[in-house]
Amino acid sequence: MIIAERKPLSEILGMIQGMHRILVLGCRGCVAVCSSGGDKEVAVLASALRLGAVKAGSDMSFGVQTLVRQCDPEYLAPLAEMAKGYDAVISTACGVGVNFIADRCPGVRVLPGLNTTFYGANLSSGEWREMCAGCGSCVLHLTGGLCPVARCAKGLSNGPCGGSVGGRCEINPETACVWHRIHDKLTDLGEADRLMDIMPIKDWRTAGHGGPRKRIREELLP
Amino acid sequence: MIKAGSNLENILTNGQFAVTGELGPPKSGNYDVVREKARILKGYVDAANITDCQTAIVRMSSLTAGLIAMSEGVEPVMQMTCRDRNRIAIQAEVLGASALGIKNLLCLTGDHQKFGNHPQSKGVFDMDSIQLLGMIRQMRDEKRFQCGEEIKEAEPRLFLGAAANPFADPFEYRPKRLAKKVSAGASFVQTQIIYNVEKFKKFMEMVCDLGLHEKVYILAGVTPPKSLGMARYMKNNVPGLDVTDDIIKRLQGAKDQKEEGINIAVDIINQVREIKGVHGVHVMAIEWEQAVPEIVKRAGLDKRPEMKGFEPRLGARAEIEDAVKKAEQESGRLAPEIDRLKNEVTAANAIAVKEQDRVSGLSAEVERLKKEVRDTQLSMEQKEKEVSRLRAELSQAMSELEAVKAQAASGQSIFVQEQDACETDFIFDPSGGDMTARDQVILNSLTLGLESLRKALGLNEDQFEAIKRFMEAQFVISTGGRQSPAVSAAPVTTAKAVESKPVRVIDTKPAQSEVVADVVAPSIQSQEDLLRKEVVNLIAKANVAMHKKDYETALKTFESALAIDASDVKAQEGAKKARNAMGTVAQPAVSSFALPARPDEITPEQWSFKWLVRYVAQGNVALSAGDKSRAVEAFRKALAIDSKDEKAVAGLKNAEAMQEGAISPKSEMSVAIQPEAVAPKSEPVLAAVRSEVQPEVKAKPAMSAVEAKPVAVTSVAAPVSAGDFEFAREAKSLTERAGAMPANLFIERCSGSIKPVTIGDGDKAVTVGGMNTLPFHLFEGEMANAPRIALDVLDVAPEDWPDSLARHYSDVIGDPVKWAQKSVNEYSAEAICFSMVSADPNGLNRPAKDVAAVAKAVVDAVDVPVIVWGCGNAEKDTELLRELTGLTGNKKVCIAPLTDANYRGLGATAMALQIPVVAATPIDVNLAKQLNILLENLGVSLSSILMDTSIGAVGYGLEYTYSVMERIRLAALTQQDEKLSVPFICNLGREVWKTKETKQPSSELLGDQERRGIMMEAVTAASLMLAGGELMIMRHPQAVRLAKAFIQGLM
């Protein structure tokens, strides 16, 4: 799931300075699940912005809408009508939603309401952790399902560095050393030999360093 | 197979025990630092690691520093991390390094950027260390770039190394990871710093079990702990470093931690050498390269094998050799030239030395001649003196002769030939008369003696002639006396007269000879004659005195002579002269003043000189104090004693030039403390204090000037003159200094204000508070009233006051009324705090009635406001202050302290009489506010309350006081907390002067006692005023004046 967090209120207020009518647009996708951009959150954000506007002495008004997903054209279609009369749309979807609106809705000024942070899992209520880097060339079969690219501070491919102590990462003792866990996991799985294999230098093109990525499935194309 | 042929590789492949060091490049472009470090290591290591921005801190690049090390003859092991470069940059760098002769490369992943000085940077980590090893090996062995493209020529030849950490987790995986590094291409391995040798042994066992010890050269990492602190830091803060408790203990127990650090390193080297598979040591003396030679020596490793395969390319050997050759040739060519020049220089030197000798000889000669001239001059002077003495004696002799002549004239027989009557000269004929043979002999020998004397003294003929005649005359007189007993009295008398009279005085020859003739005539000796004789004697004495300029004695003597014979003309004339003389001398003195009675043991000259000095000194003091009239008077007196005294003349001139009444601080202190008069800006208060206190301690006159000051101030009735020191103001206003910055960015206006509170009556009443800004923030608001200072007066003689404080009140201590008056009149107190300590039930426990009566007397005796401060016992204070307010009635005395224990009773009294009160609480914002609320609920107006939040002196909790006061003030001003919007009263004098620092005597360490106390009080006062204090109760007059200067400086 894509994890995102709301931008600081002051930053959003800064974006809309001088505007009068603003639409706060939520998304019931990932951001709703991670409690940063769903129905509830847009309502809260709109109220906060109203208060901020009053405090700043400006006469803004805020509309609130939530789409099922902002990253699908069919769900996004009504926005062209919805956004009429608004100076701007604050999207609380992930960066994908913002981009998609910008791409698909000419004449709509779209502003990001969230910082899209990472692909992560919900550990417990209110806690999310990065699990995947979207590097485009998964090695999890070699590492017991634990990702060294996303979860090792240096993205090492060949075992724990010299800073791994007591199963903790040297960068932040709160973070587990993923290579220590890979070591333990593979040992448990009886695959410890994998740790002797040298993983070759990674091809980072799939991770975005080769330019914006796109995927096409011929059979699904219209 | 040889990979690169580096020195390190050669040594390791030869099976020799290798020693590598570490060279940390500087955080600058300083070439010399690298050279210095390289020179230290040279000869003690086979190669030195050049770190690559170690711990992610930006430093000179590894390649560059490595090249510099090479130029110093140290083989580098270039370190390469994956943190900062992607594969493109790494390969490019490797090619360059190889091109420049670098042959060892240590491949590392690199410390995470989080640990460095640019944690915001993007970590590259395109690959990890193992992949890096593989990439470089591929470049070297397969001649292919990482992408697979061929390296057509000059592939990098590098001896590849890696790092291994035996102490990181998981432990059992560590040898395996090492194996991966070896299989990726590492030929040598340097380990993490080893302190836990046991664990390292286990690691090595596992390494050997994997057979790695035969595939890779392992160099054990050793670091001397520079200090206990460093060891502890490594233990606690460096992940993957195992510092054992034993090491910590060793350092703790060590006298010299550095020495012990070196010992530890040597011990570890000796232990790891014995471990199987260890091929060398890697000594990392972090920022302590100097330790490396010592460690290597002590470990017996200092005989390093000769360098082999070391080929610096930049500034390459061939060129160096060429240059050396050229230089040698050149020097061969130049050598004879140099020798020739050297010889020339030597010769020139020799000549110079000779010349110098000659010159010094000449100057000695000149000196000698000069001395001779001086001596000659001296002897000339002596001779002249001698001659004048002889002349004098001669004329004396002549007068004697006159006497003799007179005798002769009066019919006595004497064998002196007649001579020219109008001339004093006479011819002595040794052969004539009745001179006996014996006399003749004596005279001859005398003549001979004189002759030799003449030679000795170098007298000319005339001089000699004069002496000779004199001697002869003397001789004649004495022999004459012997031969004619009849006139025996005459020569004696004459001789006496001669003795007692200086020759020159006898200038009235006829009279004199007449007198002498009279005196020596035995036939007419009578009472009258004796009197006459006495008169003559007296006149003679008087003349002598006149000559000595002792006119007084002369006058007296003349007068005694006149008493005997009032008609004596000479005596009359003499007396007149003496009077005149006295008149001229004494006139100015008599006209303006008379010296005090002179003690007998002191001569008049000494006495007048003493007074001269004294008056000049007084004049200078007055001058420095700015008191023109006194200075002029003193200098005039001095001039009366000696009109020519230069100092007095100059002083008078200065004094008269001085502007009447102009008492600028500079001129004020200029004499005693010139250097500090203009206080440097950075420490204005301190400088002011120095200038203030110094004179008192050091120079008495300046002290008196200082003490004279307050009197002057009150007499002019100026409220407070900044006095004797100035508090340097900021030359520029804040707005100016802020430059282009808009004022609304730094000006924060407060919305609240402090209530003004007035204590006292009439025009001396004091109002404090009223500000609507933080203390002295005059650029943000107004301070309607400046802070005021009250002086503390105790109702009993204080027992615990140090003399440095008490001495300023020594004349009034014990008499509260006089004390209060002195504080007001001399020390310019703007208010008095009357501390009634004697009422304390735990102390003297004087009855409230008595104490109140004294307080009433004090209140009546001064016109400034009075704060009556109780003893601190709530019950007694209630009784005491009620009694007192009963006596003072409507007078606006301020009563203190009201606490939560007695505010009810006293609050009611205050309300009834409408007098101000002091609300005293322990240092706490809430307690202060609570008491204010309680008082207000009772009906006491907030505008008659002063807050005493309790004070700590500097060093005794001042900062606590400060922050509480500041918080109260901020609440009042910025949060409109009305209950706290009342002025502060700070009873700080008693707090400062009870500290032990004010009581410890002067010492070298702590400085002057009094100055220390003054500074403590003044600094405390200044700090409290900055916190918002409005009414300060202080004790030391100097500290008060400092505080006033501070206020004036900031207002």
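**Exercise 1.** Which residues of α4(B) meet which residues of α5(B)?

*Solution.* Before starting, note that this is a predicted model, in which local features need pLDDT of at least 70 and side-chain atom pairs count only at pLDDT 80 or more, while totals for chains, interfaces and linings use all residues. Residues are numbered from 1 along each chain as its sequence is written, and chains are lettered from A and ligands numbered from 1 in the order in which they are written.

Step 1: find the two helices, which are residues 87–99 and residues 129–142 of chain B; helices (H or I, at least four residues) and strands (E, at least two) are DSSP runs, numbered from the N terminus.

Step 2: look for contacts, meaning pairs of residues whose C-beta atoms, placed from the backbone, lie within 7 Å. From α4(B) come R87(B), I90(B), Q91(B) and V94(B), and they meet L132(B), M135(B), I136(B) and M139(B) of α5(B).

Step 3: sort this contact by class, which gives 6 nonpolar, 1 polar and 1 charged residues. Here Ala, Val, Leu, Ile, Met, Phe, Trp, Tyr, Cys and Pro count as nonpolar, Asp, Glu, Lys and Arg as charged, and the others, Gly among them, as polar.

**Exercise 2.** Describe how the axes of α4(B) and α5(B) are placed.

Step 1: name the angle. Angles under 35 degrees count as roughly parallel, over 145 as roughly antiparallel, 65 to 115 as roughly perpendicular and the rest as oblique, and α4(B) and α5(B) are therefore oblique to each other.

**Exercise 3.** Which residues touch the most other members of the largest nonpolar core?

*Solution.* Step 1: apply the terms. A residue is buried if 20 or more other C-beta atoms lie within 10 Å of its own, exposed if 12 or fewer, and partly exposed in between; a nonpolar core is a set of buried Ala, Val, Leu, Ile, Met, Phe, Trp, Tyr and Cys residues joined through C-beta atoms within 7 Å.

Step 1: examine the core of 104 residues, where I832(B), V868(B), M1032(B) and A1043(B) touch the most other members. Its largest share, 10 residues, is supplied by helix α36 (residues 1009–1027) of chain B.

Step 2: Not counting residues up to four places away in sequence, M1032(B) touches residues including P787(B), C986(B), L1024(B) and A1043(B).

**Exercise 4.** Are A154(B) and S828(B) buried or exposed?

*Solution.* Step 1: locate them. A154(B) is found in the loop between α5 and β5 of chain B, and S828(B) in the loop between α29 (816–825) and β12 (831–835) of that chain.

Step 1: read the backbone. Phi of A154(B) is near 45° and phi of S828(B) is near 55°, each a positive value in a residue other than glycine.

Step 2: count neighbours. A154(B) is exposed because 10 other C-beta atoms lie within 10 Å, whereas S828(B) counts as buried because it has 24 C-beta neighbours inside 10 Å.

**Exercise 5.** Where do P170(B) and P897(B) lie?

*Solution.* Step 1: P170(B), joined to D169(B) by a cis peptide bond with omega about -15°, has its place in the loop between β5 (159–164) and α6 (174–184) of chain B.

Step 1: P897(B), joined to A896(B) by a cis peptide bond with omega about -15°, is in strand β14 (residues 894–898) of chain B.

Technical notes:
Axes are lines fitted to C-alpha atoms, for helices over the stretch in contact, and angles run from 0 to 180 degrees between N-to-C directions. Two residues are in contact if their C-beta atoms, placed from the backbone, lie within 7 Å.
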